[in-house]
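Biologist: I have a structure open here and would like to go through it with you. Can you put it up?

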Amino acid sequence: MDKYIIVSPYSTTVIDKFRERQFVILVNDFDNINEILECVNRNNFLVSIQVNLNSSLSSIDFNEKWDNVPLRIVVSDLGDYLTFHKKIDLIRKLNILFYFPINKIDNFLNIQILSSLGINCGFIISDGQLLDWGKLSELLYYYMYSKSKHSIIEPFDYIIQNNNKNDIFNNFVDYNNVYFNDPDYYIHIDSEQNISLSFENSKRNIFLDIGIDNIDSAKETKQYKNIIEDRHKHFIINHPCSYCPGWRICLGKFSYCLRSSNGCIEFFTELFNSKYILNNIL
Ligand code: SF4
């Protein structure tokens, strides 16, 4: 079977169990960044270290020794602009993508600021969050149509890059890939060795199996097949997702929002159309 990328907290027991595997390591601070790089790359490959912080970007004490470490840093917000500004030169030398939760309205602007400054960034949508689709559309328009130079904003960039131009009508893009949550590519193991398909499933105790030895067989379980089949459940009932033009990008992720608004349909239809417009221009 294909070897999936393993998403795990920092654990030498898990890492040293494997050879020639790709890893995403999850941490909550910067204490062991270079040690993790060394440990993973000894016998395996480091895809990224994701640092989940509950603090502002401006409060991070960036280190030039992280220059060869692929980092994803989840921050609460930008923080103090002047403090951040003093750190821009160093940030640009590092391989970092910052994620901002967009349950804070200011983060829409923070994402635009970072992107305009040439710093890679993206947004995170909390589980069950009701979205401000108008704000998200403004960000999309900035990303797609702004003439000023700017760096990538995820997951927009992933969606554009992974559009299969040769098969536009049978193709779908699971942008959860940028969050290490795409079940076609990633498998998660937690500190108790519970195996799951995503951060959300892990939080909800939806596990495929348990134990490091079962990582490579976890995707042969009935639970895995059920989760994958859920992607298509909207098509066997009369559900708005089954005839939504944006399904190929959204995959029904926001069906819980439909009770309060149809904003998701408008947004994803716009995004779907935009990426083809963009592809035609490129
Ligand atoms: S945009 Fe809304 S209606 Fe369309 S697939 Fe997503 S959740 Fe379903």
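Biologist: Which element gives the largest share of the shell around the ligand?

Modeller: That is α10, with 3 residues. Keep in mind that this is a predicted model.

Biologist: How many residues surround the ligand, and which are the closest?

Modeller: The ligand is surrounded by 13 residues. The closest are Cys241, Cys244, Cys250, Phe254 and Cys264.

Biologist: Which elements each supply at least two residues of that shell?

Modeller: Those are α9, residues 247-250, and α10, residues 263-281.

Biologist: How do the shell residues divide into nonpolar, polar and charged?

Modeller: There are 10 nonpolar and 3 polar residues around the ligand, and no charged ones.

Biologist: Changing topic. What domains is the chain divided into?

Modeller: Domain 1 covers 5-161 and domain 2 covers 231-282. Their C-alpha centres lie 26 Å apart.

Biologist: How many residues of each are in contact?

Modeller: On the domain 1 side there are 10, in contact with 13 residues of domain 2.

Biologist: Which elements give two or more residues to the side of domain 1 that touches domain 2?

Modeller: Two helices do, α5 (133-145) and α6 (156-161). The most comes from α5, which gives 5 residues. By type, that side of domain 1 has 8 nonpolar residues, 2 polar and no charged.

Biologist: What about the largest nonpolar core? Which of its residues touch the most other members?

Modeller: The core has 61 residues, and the ones touching the most other members are Phe98, Cys121, Ile187, Ile249 and Phe268. Helix α10 turns up again here, giving the largest share of this core with 6 residues.

Biologist: Take Phe98, then. What does Phe98 touch?

Modeller: Leaving out residues up to four places away in sequence, Phe98 touches Leu57, Ile73, Val75, Leu114, Ile119 and Cys121. Cys121 was also one of the core residues that touch the most other members.

Biologist: And Arg72, where is that found?

Modeller: Arg72 is in strand β4, residues 71-74. The C-alpha atoms of Arg72 and Phe98 are separated by 5.8 Å, though the two residues are 26 apart along the chain.

Biologist: Does Arg72 count as buried or exposed?

Modeller: Buried, because Arg72 has 23 C-beta neighbours inside 10 Å, and the cut-off for buried is 20 or more. Apart from neighbours within four places in sequence, Arg72 is in contact with Ser48, Gln50, Leu97 and Tyr99.

Biologist: Now Lys225. Buried or exposed?

Modeller: Lys225 counts as exposed, because there are 11 C-beta neighbours inside 10 Å and exposed means 12 or fewer. Lys225 is found in helix α8, residues 222-230. Its C-alpha atom is separated by 9.9 Å from that of Leu208, 17 residues away along the chain.

Biologist: Back to the strands. What do they form, and in what order?

Modeller: An open sheet of 10 strands, in the order β7-β6-β5-β4-β3-β2-β1-β8-β9-β10, with mixed pairing.

Biologist: Which are the edge strands?

Modeller: The edges are β7 (153-154) and β10 (209-210), and each pairs on one side only.

Biologist: In what sense do β9 and β10 pair?

Modeller: They pair in the antiparallel sense over 2 bridges, with β9 spanning residues 194-196. Asn194 has Ile210 in β10 as its bridge partner.

Key. Residues are numbered from 1 along each chain as its sequence is written. This is a predicted model: local features need pLDDT of at least 70, side-chain atom pairs count only at pLDDT 80 or more; totals for chains, interfaces and linings use all residues. Two strands pair if DSSP finds at least two bridges between them. Helices (H or I, at least four residues) and strands (E, at least two) are DSSP runs, numbered from the N terminus. A residue is near a molecule or strand if its C-beta atom, placed from the backbone, lies within 6 Å of it. Ala, Val, Leu, Ile, Met, Phe, Trp, Tyr, Cys and Pro count as nonpolar, Asp, Glu, Lys and Arg as charged, and the others, Gly among them, as polar. Domain bounds come from an automatic or database domain assignment. Two residues are in contact if their C-beta atoms, placed from the backbone, lie within 7 Å. A nonpolar core is a set of buried Ala, Val, Leu, Ile, Met, Phe, Trp, Tyr and Cys residues joined through C-beta atoms within 7 Å.
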